[in-house]
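Subject: Structure handover and notes

Dear colleague,

I am passing on the structure we spoke about, and below it you will find my notes on what came out of going through it. Please read them with the structure open beside you.

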Amino acid sequence: MQPVARGYAGDPMTAHLPDPVGRPRFLCDAMLGSLARWLRFFGFDALFLLPGPADHELATRAKEEGRWLLTRDCELAAAGPRSMMVRAQALEDQLIEVFGRLGLRPAATLENARCGECNSVLEDVTREEVAEAVPPHVLATARRFRRCCGCGRVYWPGSHSEGILERMETVIRRLG
Ligand SMILES: [Zn+2]
């Protein structure tokens, strides 16, 4: 098991720093919340802000933080060289569109996943550390626990993550 990168929780103090492993970072507009979540599963730093800021604020923030601005708005897509119009409607198609246009081929693994809820990095934690936070049967059977450095949500391998992995594999297979 590889520990994930630490000290980079998408907070204002570190938001200007490049991704520690050199991946592109994203800022998704208010229409692309699911896309942001799934980019996080693939290990990308993908901001999604609610309530959605005004268009010019989105463009400015993306530029300041060196993020790709992903949007479904034509005008916003024309806001800069790192703004991208996402035309696909369905989530899998959107992921394929973004990966394809940026020449990305991420691995279908949750090893680098960020928190789907808040975009922060996950850290490995011991069974004892999460004893209060997970149901007893999970505590007894799950082989690994990770906790979000931002919101504290605890993740473990199970049927939910299996479903996510299958969908990630489908996306990468379709990417060709
Ligand atoms: Zn979180």
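Where does P51 lie? In this predicted model, P51 is in the loop that runs between β2 (46-48) and α2 (55-64). The peptide bond that joins L50 and P51 is cis, with an omega of about -5 degrees, and in general most peptide bonds are trans. P51 counts as exposed, because it has 5 C-beta neighbours inside 10 Å, where 12 or fewer is the cut-off for an exposed residue. Although 21 residues separate P51 and A30 in sequence, their C-alpha atoms are 7.7 Å apart in space.

As for the overall layout, the protein chain contains six helices and seven strands, and from the N terminus on these elements follow the order β-α-β-α-β-α-β-α-β-α-β-β-α. Of the 176 residues in the protein chain, 29% are buried.

Much of what I found concerns helix α4, which spans residues 91-102 and so has twelve residues. From its first C-alpha to its last, α4 reaches 17 Å, which is close to the 16 Å expected at 1.5 Å a residue. The buried residues of α4 are Q94, L95 and V98. They cover an arc of only 100 degrees around the axis, and therefore lie on the same side of α4. The elements that cover these buried residues include α1 (33-41), β3 (67-71) and α6 (159-175). After α4 comes G103, which has a positive phi near 65 degrees.

Two of the covering helices can be described further, since a pair of packed helices is described by the angle between the axes and the distance between them. For α4 and α6, the packing angle is about 50 degrees and the axes are 10 Å apart, and the two helices are therefore oblique to each other. The crossing in which α4 passes α6 is right-handed. On the α4 side the residues that take part are E92, L95, I96, F99 and G100, and they meet T170, V171, R174 and L175 in α6.

For α1 and α4, the axes come within 10 Å and cross at roughly 65 degrees, and this crossing, too, is right-handed. Here S34, L35 and W38 in α1 meet L91, Q94 and L95 in α4.

Helix α1 itself has L35, A36, W38, L39, R40 and F41 as buried residues, and what covers them includes β1 (25-28), β2, β3, α4 and α6. α1 is followed by G43, whose phi is positive, near 100 degrees.

One further residue deserves a look. N119 is found in the loop between α4 and β5 (122-125), and N119 has a positive phi of about 80 degrees although it is not a glycine. In general, most residues other than glycine have a negative phi. Is N119 buried or exposed? N119 counts as buried, because 24 C-beta neighbours lie inside 10 Å, where the cut-off for a buried residue is 20 or more.

Note on methods:
Residues numbered from 1 in each chain as written. Predicted model: local features only at pLDDT ≥ 70, side-chain atom pairs only at ≥ 80, totals over all residues. Helix = DSSP H or I, 4+ residues; strand = E, 2+ residues; numbered from the N terminus. Expected span 1.5 Å × (residues − 1). Arc of directions from axis to C-beta. Contact = placed C-beta atoms within 7 Å. Axes fitted to C-alpha atoms, helices over the stretch in contact; angles between N-to-C directions. Parallel < 35°, antiparallel > 145°, perpendicular 65-115°, else oblique. Left-handed = near helix turned anticlockwise from the far one by under 90°.
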